[in-house]
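Let's walk through this one together. Have a look at the model first, then we'll go topic by topic.

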Amino acid sequence: MTTIKKTVHVWSPLIRIGHWTLVISFFTAYFTEDDFMNLHAWAGYIVGIYLLTRILWGFVGGNYVRFRGFIYSPAKIIGYLKNLIARNPQHYIGHNPAGGAMVIALLVSLVGTTLTGMKLYAVEENKGPFAITAQQAQLQMRSISLIAEAKAEDDDEDEESKALNIDQKVNKQAEEFWEELHELFANLTLLLVFLHVGGVIASSIIDKEKLVKAMLTGEKDVDDTYQ
Ligand code: HEM
Ligand code: HEM
């Protein structure tokens with residue numbers, strides 16, 4: 001028989017507010033684009049700020065927040081999942097081994113989504129942190145003009161329209177590439193979110209863990225079976 005021994009403060013306000021802000025911003029970004037590009041980009045920037053803070057906290061934060069506190073070997077992760085399925089779960093005060101692996105996967109995928117989003121914004125609209133300056137654009141156009149000059153010699157088309165054509169083609173290809181990659185990362189993150197929420201629900205049912213409550217209040221009731 002296990003008895004509840006103490007209540008531990010696991011998640012700081014920064015982690016909790018950060019998590020729920022991330023949830024709102026992620027879904028806002030996911031369901032807005034095209035006509036709501038400003039909102040989309042700003043929701044994405046909030047995700048970016050969350051990521052910078054959370055990654056920094058992964059190195060300097062407290063025991064349960066630091067990466068080295070919840071990154072486990074594949075053997076430990078598999079072992080944890082086997083025990084969970086056998087309905088003999090091990091208890092962890094912070095992230096359990098499977099939850100910890102999911103947090104890392106979510107963070108990596110979110111970094112990919114945000115960075116490719118910013119790159120796409122620069123390629124499509126020349127906006128955002130990766131937008132190029134007028135001087136860089138001029139340099140780019142000049143090198144394209146040189147290619148066009150060489151090509152125009154064996155063609156009827158004049159050099160300027162050839163350069164514009166090449167520029168448009170290069171831009172279109174870059175746009176398609178970054179759009180595909182951004183969409184891929186956004187959908188990969190969404191898939192991970194489904195698994196993440198599924199994991200939280202499974203732990204709550206099988207493990208009788210009140211994980212969502214802990215992410216709201218910051219506190220967990222633990223006993224001596226917790227590690
Ligand atoms: C309504 C849906 C969601 C619920 C109920 C939920 C619930 C939770 C819970 C309970 C934890 C703590 C897990 C533990 O104790 O080990 C957590 C952590 C986390 N969740 Fe969610 N989550 C949701 C949506 C999301 C979404 C949409 C994302 C990302 C786009 C996300 C990313 C994360 C991350 C990165 C952590 C780690 C927190 C940290 O260590 O700072 N979650 N979530
Ligand atoms: C985690 C945050 C983000 C999510 C979940 C997300 C999700 C998406 C999705 C699902 C699309 C539609 C892709 C398609 O169907 O082709 C999209 C498009 C786009 N996103 Fe993001 N995005 C995020 C962050 C960003 C950021 C930070 C920026 C730039 C500041 C950005 C810029 C764009 C642009 C320019 C498009 C193309 C819009 C269009 O031409 O219709 N995204 N994003």
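**Around ligand 2**

Helix H5 gives the largest share of the shell around ligand 2, namely eight residues. Helices here are DSSP runs (H or I, at least four residues) and strands are E runs of at least two, both numbered from the N terminus. Keep in mind that this is a predicted model: local features need pLDDT of at least 70, side-chain atom pairs count only at pLDDT 80 or more, and totals for chains, interfaces and linings use all residues. Residues are numbered from 1 along each chain as its sequence is written, while chains are lettered from A and ligands numbered from 1 in the order in which they are written.

- There are 24 residues around ligand 2, and those that come nearest are Ala 29, Ala 41, Gly 44, Gly 117 and Ala 186. "Near" means that the C-beta atom, placed from the backbone, lies within 6 Å of the molecule or strand.
- Two or more shell residues come from each of H1 (13-31), H2 (37-60), H5 (97-125) and H7 (159-206).
- By type, this shell has eleven nonpolar, eight polar and five charged residues. Nonpolar covers Ala, Val, Leu, Ile, Met, Phe, Trp, Tyr, Cys and Pro; charged covers Asp, Glu, Lys and Arg; the others, Gly among them, are polar.

**Around ligand 1**

- Ligand 1 has 21 residues around it, with Phe 26, His 95, Gly 99, Leu 211 and Met 215 coming nearest.
- H1, H5, H7 and helix H8 (211-217) each give two or more residues to this shell.
- The shell around ligand 1 splits into 15 nonpolar, five polar and one charged.
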